[in-house]
Amino acid sequence: MKSSINLLQEAQQIQARLRKFGLLLQTASIVTLAIFGGFVFLLLSYTLILNRQQNSIGEAIDEQKQIVEGFRSAESKYLLVKQKLSLSRKAVSEPSIPYDLLIPLYELTQTQVTVGEAKSERGQTFVGLSGQAEDVFSLVQFLDSLDAFAREHQAVRVIGKGFSRSGGTGEYRFEIAFEISGEQ
Amino acid sequence: MNLELPQDVNIKSVLAIRKYLYLPVLTVMVVVVLLIAVITPNIRKISQLRKEVKLAKEQLVGLEEKSNFLASIDEPNLQDQLTNLERILPANKDVFSLLVSLNGLAVDHGVAVGNFKTVPGSIATESATASARPEEGEPVVAQRQESARKQADLDTLDVSFDLVGTFEGISNFILNLERLKPLMKLNTLSIVPAKARSDTSTADRVSAKVGLSLFYAPLPEQLGAVGSPIIPLADSELTLYDELSTYSAYEITVPTSLQIGREDPFAPF
């Protein structure tokens, strides 16, 4: 009799605990559902807001594009100006031949010797000079003045000399090349 | 000893507790379904949308800046600049304006220009060249890059001519040649005493053989996208424009009231 009473009491206690646990689970479930529901609601709302924002920005972009389309003529002219300036810079900065040295050099040679040809080509770093001198004195005088010219223009350096004496006339033919370093 | 359970504590009453488990199980199922079907895709979508909105905002700001900038452009002034630049760097092989400029410069410095030669070069139209035709299956991007490269290229027309005159005149002509409109660059220069080529010339006269490249830039075939940003002219570009504007230009002047003949040949004198 006593043991059955104990069993009954234990069973009732277990039943009470289980009921309590069950209630706790139900409450937690409701809370969890509410939290998840709220979270889902917030997510959906935020997605909706972002969608609306995207649509409104898209409309604003379309509107701005139409405005820009209205200025297409000015834009094309502006871009053309910019392109032409950019290419003009490229053209202006292309290396040229050293005519600013060739001309005074030619002028210098006229006093002592007879110049056959003074030549310079783009892409080469030298100017060539060929001619003839009446006698050895004028040739030496000319070479002295060439050295002075080279000292004056530090970029100029004599890199080649060739001389030959004409048997018939006794004239001295010469061919000289100057290197142009480009740093003056 | 009696081990029977009383009426209140039967198995049914214990199992009745399972009713408390329905809601938690349902909750777990709902949570799992929400996580898989709603929350995870939405978080991804939100992340994507945020990126798109950010990009769209940047694009909008760029477009607003562009439209404001374009609205502030003084179009008549821009047209003047373009006209001037067209004379500096023409869109085609403008041999006529080159001849006019060379003639004007020669007249200014008292030298004679002759033996003018030019090499026509390749035909500019893309359809004329077989290599320009796109091959089947050729990537479009490569074609666009090639097109963009061609647009950005600076073309040249090689020209050669002879000069005869005094040394001073020729040297002044040469010194001013690269400050002319249209832009050109000396390729070769050969100065020879005039008597070396012609015995009849006077001793102080020289002749020069000049080779130069005339620069020109073909017009772009397409304009950029509407949304592409526009970069204002830099100070260095404006300085360059001012400098280029000082280059000499010569024009053909045609008298407006040129009397060619009588309007009525039968009218009495």
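Predicted model: local features only at pLDDT ≥ 70, side-chain atom pairs only at ≥ 80, totals over all residues.
Housekeeping. Local features need pLDDT of at least 70, side-chain atom pairs count only at pLDDT 80 or more, and totals for chains, interfaces and linings use all residues. Residues are numbered from 1 along each chain as its sequence is written, chains are lettered from A and ligands numbered from 1 in the order written, and side-chain values use heavy atoms, without hydrogens or water.

Rings to start. Two rings of Phe, Tyr or Trp (its six-membered ring) pair if their centres lie within 6.5 Å; planes under 30 degrees apart are stacked, over 60 edge-to-face, the rest tilted. That rule gives 4 aromatic pairs over all chains. Take A:Tyr78 and B:Phe69. Their centres are 5.2 Å apart and their planes stand at 80°, so this pair is edge-to-face. A:Tyr78 sits in helix H2 (residues 72-92) of chain A and B:Phe69 in helix H2 (residues 19-71) of chain B, so the pair joins two chains. Helices here are DSSP runs of H or I with at least four residues, strands are E runs of at least two, and both are numbered from the N terminus.

Buried or exposed? Buried is under 20% relative accessible area, exposed is over 50%, partly exposed is in between, with a 1.4 Å probe and protein chains only. A:Tyr78 counts as buried because its relative accessibility is 6%. B:Phe69, at 22%, counts as partly exposed.

Next pair: B:Phe161 and B:Phe173. Edge-to-face again, 6.2 Å centre to centre, 75° between the planes. B:Phe161 belongs to strand S2 (residues 155-166) of chain B, B:Phe173 to helix H6 (residues 167-177), 12 residues apart. Both are buried. Ring pairs link these two and B:Phe116 into a cluster.

B:Phe173 turns up again in the core. A nonpolar core is a set of buried Ala, Val, Leu, Ile, Met, Phe, Trp, Tyr and Cys residues joined through side-chain atoms within 4.5 Å. The largest has 49 residues, and B:Phe173, B:Ile174, B:Leu177 and B:Val210 touch the most other members. Apart from it lies another core of 40 residues, including B:Ile46 and B:Leu78.

Back to chain A. A:Glu75 is in helix H2. Its relative accessible area is 1%, so A:Glu75 is buried. Leaving out residues up to four places away in sequence, A:Glu75 touches A:Val68, B:Lys66, B:Leu70 and B:Ile230. Contact means heavy atoms within 4.5 Å.
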